[in-house]
Amino acid sequence: MKNIAVIGAGTMGNGIAHTFAQNRFKVNLIDKSGETLSKGISTISKNLDRMLAKEKISEADKTETLGNITTFTNLVEGVKSVDLVVEAATENVDLKLNIFKKLDETCSKSTILATNTSSISITQIAAVTHRPDKVIGMHFMNPVPIMKLVEIIRGYNTSDEITSTIMELSKTLGKIPVEVNDYPGFVANRILMPMLNEAIETLYNGVAGVREIDTVMMLGMTHPMGPLQLADFIGLDVCLSILNVMYEGFKNPKYAPCPLLVNMVRANKLGIKSGEGFYDYSENRKAEDVSKQFI
């Protein structure tokens, strides 16, 4: 397995492409937007420059990694003759279902179809294909080149063979794969998102301010980043989407998004990506310092 297609050149997609390419896989990075593809390649190049500055890679390694990536705006062209597709598009059920229908029609029958979804049912996604045994979840953590964990989520029909193949593939990327079953939020977000939501509720109820809440969790619970800062880093829209999936999946009020989170997303206060969330990331912002501890 050496030829990989990654769908989506945003934060997760370019990170996944970077990781595969750095480990000498040939990667087709696909996005309908040429501008997003350019930004994705620029991000990969900058992250490689950081690694180069820290002497983790050589100039030749950087050149080889970038040379392993080919960009496409046409999905059909991009997935020709690949062994594995990793979908990393926006966390939207209808969008993902449409992509997987198209992939099933286009890809070779032997191609494994993986999704980087952080909450949507693998079984539901697999059901729109004629190869449910070859559909699996690969939930990478952000930032992908740095974080070791990959949640490997098997749907109801995912075969043992495919699960084993993807577990071993993840190890070749220098990752630590953990196999989990297909329930809303899987493991990582089933535990993480209610905590972030509760931190937002604590702010909403006026118990303490943003920095005070984050400081308590960092100093008292030894978290490397406070929950509100982490929510900004993930994207408040992504947090809201995951909580909605979990709320719908479990029908349990403990997963209901805090009204403050809902209103902030409506106001386009999405965190780092929009320049403002629980913290201000405008000129002379501290976001630079936040990013440096991850990249």
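View 1. Helices (H or I, at least four residues) and strands (E, at least two) are DSSP runs, numbered from the N terminus. An unreviewed UniProt entry gives this stretch, residues 3–182, the feature "domain: 3-hydroxyacyl-CoA dehydrogenase NAD binding"; UniProt positions follow the numbering used here, feature names are shortened, and annotations may be inferred rather than shown by experiment. Please keep in mind that this is a predicted model, in which local features need pLDDT of at least 70 and side-chain atom pairs count only at pLDDT 80 or more, while totals for chains, interfaces and linings use all residues. Residues are numbered from 1 along each chain as its sequence is written, and side-chain values use heavy atoms, with hydrogens and water left out.

**View 2. The open sheet.** Follow the strands in the order E3-E2-E1-E4-E5-E6-E7-E8: these eight form an open sheet with mixed pairing. Strand E3 (69–72) and strand E8 (176–181) are the edges, each pairing on one side only; two strands pair if DSSP finds at least two bridges between them. On average, neighbouring strands are turned by 25 degrees against each other, direction ignored.

View 3. Strand E6 (residues 135–140) and strand E7 (residues 149–154) run antiparallel and are joined by five bridges. Ile 136 has Arg 154 of E7 as its bridge partner. Another backbone feature to look for is Ser 81, in the loop between helix H4 (75–78) and E4; the phi of Ser 81 is positive, near 60 degrees, in a residue other than glycine. Most residues other than glycine have a negative phi, and most peptide bonds are trans.

**View 4. Helices on the sheet.** Helix H2 (residues 34–53) lies across strand E2 (26–30) and E3, and runs at about 160 degrees to E3. Helix H5 (residues 93–106) packs on the sheet, touching strand E1 (3–7), strand E4 (84–87), strand E5 (112–115) and E6, and its direction makes about 170 degrees with that of E5. Axes are lines fitted to C-alpha atoms, for helices over the stretch in contact, and angles run from 0 to 180 degrees between N-to-C directions. Contact means heavy atoms within 4.5 Å.

**View 5. Helices H8 and H12.** The axes of helix H8 (residues 188–204) and helix H12 (residues 259–266) come within 8 Å and cross at roughly 95 degrees. H8 and H12 are therefore roughly perpendicular to each other (65 to 115 degrees). H8 contributes Asn 197, Ile 200, Glu 201, Leu 203 and Tyr 204 to the contact, and H12 contributes Pro 259, Leu 260 and Leu 261.

**View 6. The two domains.** The domain assignment gives domain 1 (3–181) and domain 2 (190–290), with bounds from an automatic or database domain assignment. Their centres, taken over C-alpha atoms, are separated by 26 Å. Six residues from domain 1 and four residues from domain 2 make the contact.

Terms used: Parallel < 35°, antiparallel > 145°, perpendicular 65-115°, else oblique.
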